[in-house]
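Here's a short tour of one protein model, taken space by space. Have the picture open while you read.

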Amino acid sequence: MAISTKQAQLTVQKLRHPVKARLLQVRRKAQITPYLVRVTLTGDDLDGFVSPSFDDHVRLFLPPVPGEKPVMPTVSEQGLVYPEGQPRPVLRDYTPRRYDSEAGELDIDFVLHGHNGRAASWASAAHEGHYVGIGGPRGSFVIPCDYAWHLLVGDETAMPAIGRRLAELPRGKRVLAIIETEHPNARLNFETRADVTLQWVQGVAGQADGMSPLERVIHRLQLPDGDGYVWAAGEHSSIRAIHQHLVNERGLDKSRIRAVSYWRHTAGEGHEVFGD
Ligand SMILES: Cc1cc2nc3c(=O)[nH]c(=O)nc-3n(C[C@H](O)[C@H](O)[C@H](O)COP(=O)(O)OP(=O)(O)OC[C@H]3O[C@@H](n4cnc5c(N)ncnc54)[C@H](O)[C@@H]3O)c2cc1C
């Protein structure tokens, strides 16, 4: 049976992109809040860069010391190959916050989380001319704008993706964005034409109920009627719990939620897509 036009409009698209490793340089840096720095990257290697979804990420190749060039991989059929006998770059995932092909600029927003992370420290120290490599996006998960409503949930690491989504959604689109920050002055103003209700959440995790502040708000939230889509990203256990709650306890259709771990309190790979 042919799928209806409405169903087609609400179907997410999974795109693959050719992988390329690009060596870029810092063009400028802006302190957006005391806890967020925006680094604008440029370079001839940016030619042909694509990022069709706010949910995209690039993998950063960070040098051992800010200012030095990172050791760059080459792309082979087996994936990325690093030159032998040289220290591998530190790898971290970040959201392409804004790409301007005319200006040849890519913005990446770094949360300065204060835990001596290599990426956060690199961004803190970044100066015009400093080098960084990027790979990807390898693929894009494109969530249609046509849903009746959008719920965007996340912590500070998700603000670049949420900010980009709010900038890209069409005029009047109904959006509820719920964002947890550790400090009140980590909050941002977002540019948008959408009809946005923005709820900031602050609080201490690990209280008697064992929930993150974000989880607590989601537990109390009544989802709007109609065909909507939930996008959530942030700390691993918080986002996993939000995904489980909405799908298992509230009966949200699994095809109507994208929930992604962006980092972990404990050491280890932070990136995980729940329910995949
Ligand atoms: C798909 C994807 C997109 C992402 N997009 C962005 C983005 O646009 N901007 C952004 O800032 N981050 C983003 N992140 C999260 C970012 O990759 C992680 O926070 C990463 O761990 C930071 O690397 P680091 O080298 O600074 O710290 P790490 O060396 O990885 O960690 C050092 C210590 O800091 C802790 N830590 C790491 N991140 C945080 C945090 N946010 N808050 C508190 N403690 C933390 C770790 O638990 C560890 O103890 C994204 C992650 C993914 C998977």
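Which two domains give residues to the lining of the second largest pocket, and where does that leave the pocket? Domain 1 (14–139) and domain 2 (143–274) both contribute to the lining, so the second largest pocket lies between them. Those domain bounds come from an automatic or database domain assignment.

Before going on, a word on what you're looking at. This is a predicted model, where local features need pLDDT of at least 70 and side-chain atom pairs count only at pLDDT 80 or more, while totals for chains, interfaces and linings use all residues. Residues are numbered from 1 along each chain as its sequence is written, and side-chain values use heavy atoms, with hydrogens and water left out.

**The pocket between the domains**

The second largest pocket has a volume of about 260 Å³. Of its 13 lining residues, Arg38, Arg97, Gly163, Asn189 and Glu191 are the closest to its centre. Helix α3 (residues 159–168) gives the largest share of this lining, four residues. Sorted by class, the lining has seven charged, four nonpolar and two polar residues.

On a 1 Å grid over the protein atoms alone, a pocket is an open set of points with protein on both sides within 12 Å along at least five of seven lines, a cavity is a set where a 1.4 Å probe fits but cannot get out, and lining residues have an atom within 4 Å of a point. Grid points are joined across faces, edges and corners, and the volume is the space filled by probe spheres set on them. Helices (H or I, at least four residues) and strands (E, at least two) are DSSP runs, numbered from the N terminus. Ala, Val, Leu, Ile, Met, Phe, Trp, Tyr, Cys and Pro count as nonpolar, Asp, Glu, Lys and Arg as charged, and the others, Gly among them, as polar.

**Around the ligand**

There are 22 residues around the ligand (a heavy atom within 4 Å). Arg92, Asp93, His113, Ala119 and Arg264 come nearest. The shell takes at least three residues from each of domain 1 and domain 2, and its classes are nine polar, eight nonpolar and five charged.

Here are some polar contacts, meaning pairs of N or O atoms within 3.5 Å:

| Residue | Its polar atom | Ligand atom | Distance |
|---|---|---|---|
| Arg92 | side chain | oxygen | 2.7 Å |
| Asp93 | backbone | oxygen | 2.8 Å |
| Thr95 | side chain | nitrogen | 3.0 Å |

On its own, the ligand has 910 Å² of accessible area (Shrake-Rupley method, 1.4 Å probe), and the protein covers 86% of that.

The structure holds one cavity of 30 Å³ or more. Its lining is Phe54, Ile143, His150, Leu151, Leu152, Arg165, Tyr229 and Trp231, with the largest share, three residues, coming from β12. Six of the lining residues are nonpolar, one is polar and one is charged.

Now for the backbone. Most residues other than glycine have a negative phi, and most peptide bonds are trans. Asn116, in the loop between β9 and α2, has a positive phi near 55°. Gly136 and Pro137 are joined by a cis peptide bond, with omega about 0°, and Pro137 is in the loop between β10 (131–135) and β11 (139–142).

How values were computed. A polar contact is a pair of N or O atoms within 3.5 Å; within protein, one must be able to donate a hydrogen and the other to accept it, and residues adjacent in sequence count only if both atoms are side-chain atoms.
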